[in-house]
Amino acid sequence: MFIVDDILVKPFVSVLDILHTMALNEMYDTAAIRDDLKENQLLYEVGERSEATYEERKQELELQLEMAEQIQSQMSGRIEVKS
Amino acid sequence: MSDNLYTYGIIDDEDITLDADGVAGATDIYTVSYRSLAAVVSDIDTTDPDRTDPAVEAHNDVLQQIIEYDGGRTVVPMSFGMAFKNARTLKGVLRGARPALRSALNDIEGTVELGVKVLTSDEDALAETAVQSEITDMLNSVSINETENDLFSDRLILNKSYLVDREERSAFDDAIDDVKEEYGEHVTVQYTGPWPPYNFVDIHIGAEQQHGGR
């Protein structure tokens with residue numbers, strides 16, 4: 001539905017572009033990565049995750065977040081996908 | 001040397017000094033008074049401190065010490081990063097925000113915030129809604145107010161902050177023990193605090209007030 005809307009509104013943006021942007025949005029969903037960071041912290045605090053696993057996961061997620069923020073800021077304003 | 005002051009929170013006017021690890025390596029925590037209010041502060045050499053994990057931890061630790069100071073103090077917590085040019089600027093802000101701060105202090109007088117998170121284990125197919133509402137009922141009866149926080153993990157079935165009268169603290173502890181006893185096989189309970197009542201005061205001190213002075 002939104003694709004049809006977008007195609008009507010923005011005839012010069014291809015369906016492929018929109019799908020590509022949606023995929024990137026999902027892959028670089030900063031809110032979801034922040035939630036994962038909070039979950040990692042919580043599982044460590046309640047003793048379900050060892051310090052080593054917690055630190056490793058934290059570093060991994062922080063990297064992902066940094067990358068996602070960069071990608072999101074580069075993408076912003078290029079193509080807007082309504083959901 | 002800079003006159004900048006980092007602010008942790010606001011209490012009823014009182015002269016307090018603490019030896020504690022504050023933000024940006026500060027070790028002397030003291031108060032700056034304005035009429036019936038006092039700001040809990042430490043010296044700092046910037047008005048824009050870096051938000052690092054240790055700095056946020058130091059901010060929270062100082063607030064924790066204030067709420068437990070000498071039998072307990074009521075504090076309106078500032079969010080991390082509120083640093084002012086000097087005492088004069090800070091007092092100017094306190095003057096502007098005084099009605100809101102006074103009313104917040106009255107609202108939370110004699111209370112603390114306690115945090116409760118309840119997680120299900122991965123395998124458990126629990127009747128989540130029923131458990132949520134039963135736990136909520138058990139904790140509501142011993143608290144003044146509650147706020148619902150984000151369920152940021154699929155494992156979380158409850159994430160709430162409770163405003164509890166200091167006098168009722170042990171009753172709340174008992175209620176948590178009851179929850180653990182009743183549901184401990186199926187859930188993990190994380191019980192934290194006491195915290196300053198972050199989730200029960202809503203005061204915004206704008207950037208203009210913060211840096212501009214008067």
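Predicted model: local features only at pLDDT ≥ 70, side-chain atom pairs only at ≥ 80, totals over all residues.
Helix 3 of chain B and helix 4 of chain B are roughly antiparallel to each other.

**Stop 1: helices 3 and 4 of chain B**

Select residues 128–140 of chain B for helix 3 and residues 169–183 of chain B for helix 4. Two packed helices are described by the angle between their axes and the distance between the axes. Here the angle is about 155° and the axes are 9 Å apart. An angle over 145 degrees counts as roughly antiparallel, and this is why the pair is described in that way. The crossing of helix 3 and helix 4 of chain B is right-handed.

Now show the side chains where the two helices meet. Helix 3 of chain B brings Val131(B), Ile135(B), Met138(B) and Leu139(B) to the contact, and helix 4 of chain B brings Ala175(B), Asp178(B), Val179(B) and Tyr183(B). Of the residues in this contact of helix 3 with helix 4 of chain B, seven are nonpolar, none is polar and one is charged.

**Stop 2**

Next, colour the four strands of chain B that form an open sheet in the order 8-9-7-10, with antiparallel pairing. Which strands are at the edges? They are strand 8 (145–148) and strand 10 of chain B, each of which pairs on one side only. From one strand to the next, the twist averages 20°.

Bring helix 3 of chain B back into view. Helix 3 packs on the sheet, where it touches strand 7, strand 8 and strand 9 of chain B. The direction of helix 3 makes about 10° with that of strand 9 of chain B.

**Stop 3: strand 7 of chain B**

Select residues 111–120 of chain B, which are strand 7. Eight of the ten residues of this strand are buried, so strand 7 of chain B is largely enclosed by the rest of the structure.

Strand 7 of chain B pairs with strand 9 (residues 156–165) of chain B in the antiparallel sense, over nine bridges. To find one of the bridges, pick Val118(B), whose partner in strand 9 of chain B is Leu158(B).

Strand 10 of chain B also runs antiparallel to strand 7 of chain B, and seven bridges join the two.

A cis peptide bond joins Gly193(B) and Pro194(B), with omega at about 5°.

**Stop 4: strand 1 of chain B**

Move to residues 5–12 of chain B, which make up strand 1; seven of its eight residues are buried. Which strands pair with strand 1 of chain B?

- Strand 4 of chain B pairs with strand 1 in the antiparallel sense over seven bridges; the partner of Asp12(B) in strand 4 is Leu37(B).
- Strand 6 (residues 83–84) of chain B runs antiparallel to strand 1 and is joined to it by two bridges; Tyr6(B) stands opposite Ala83(B).
- Strand 5 of chain B is likewise antiparallel to strand 1, with two bridges; Ile10(B) has Val76(B) as its bridge partner.

**Stop 5: two loop residues of chain B**

Zoom to Arg35(B), in the loop between strand 3 (28–34) and strand 4 (37–43) of chain B. Phi of Arg35(B) is near 50°, a positive value in a residue other than glycine. Is Arg35(B) buried or exposed? Arg35(B) is exposed, with 11 other C-beta atoms within 10 Å.

Then select Asp70(B), in the loop between helix 1 (53–67) and strand 5 (76–77) of chain B. Phi of Asp70(B) is also positive, near 45°. Asp70(B) counts as exposed, with 8 C-beta neighbours inside 10 Å.

**Stop 6**

Finally, turn to chain A, which has four helices and zero strands. Along the sequence, chain A follows the pattern α-α-α-α. Buried residues make up 4% of its 83 residues. Among the contacts in chain A with a separation of 6 or more, 68% are between residues 24 or more positions apart.

Show both chains together. The contact takes six residues from chain A and six residues from chain B. On the chain B side, strand 7 (111–120) and strand 10 (187–195) each supply at least two residues. The chain B residues that touch chain A divide into two nonpolar, three polar and one charged.

Note on methods: Residues numbered from 1 in each chain as written. Chains lettered and ligands numbered in written order. Contact = placed C-beta atoms within 7 Å. Nonpolar A, V, L, I, M, F, W, Y, C, P; charged D, E, K, R; others polar. Buried ≥ 20, exposed ≤ 12 C-beta atoms within 10 Å, placed from the backbone. Pairing = 2+ DSSP bridges. Axes fitted to C-alpha atoms, helices over the stretch in contact; angles between N-to-C directions. Parallel < 35°, antiparallel > 145°, perpendicular 65-115°, else oblique. Left-handed = near helix turned anticlockwise from the far one by under 90°.
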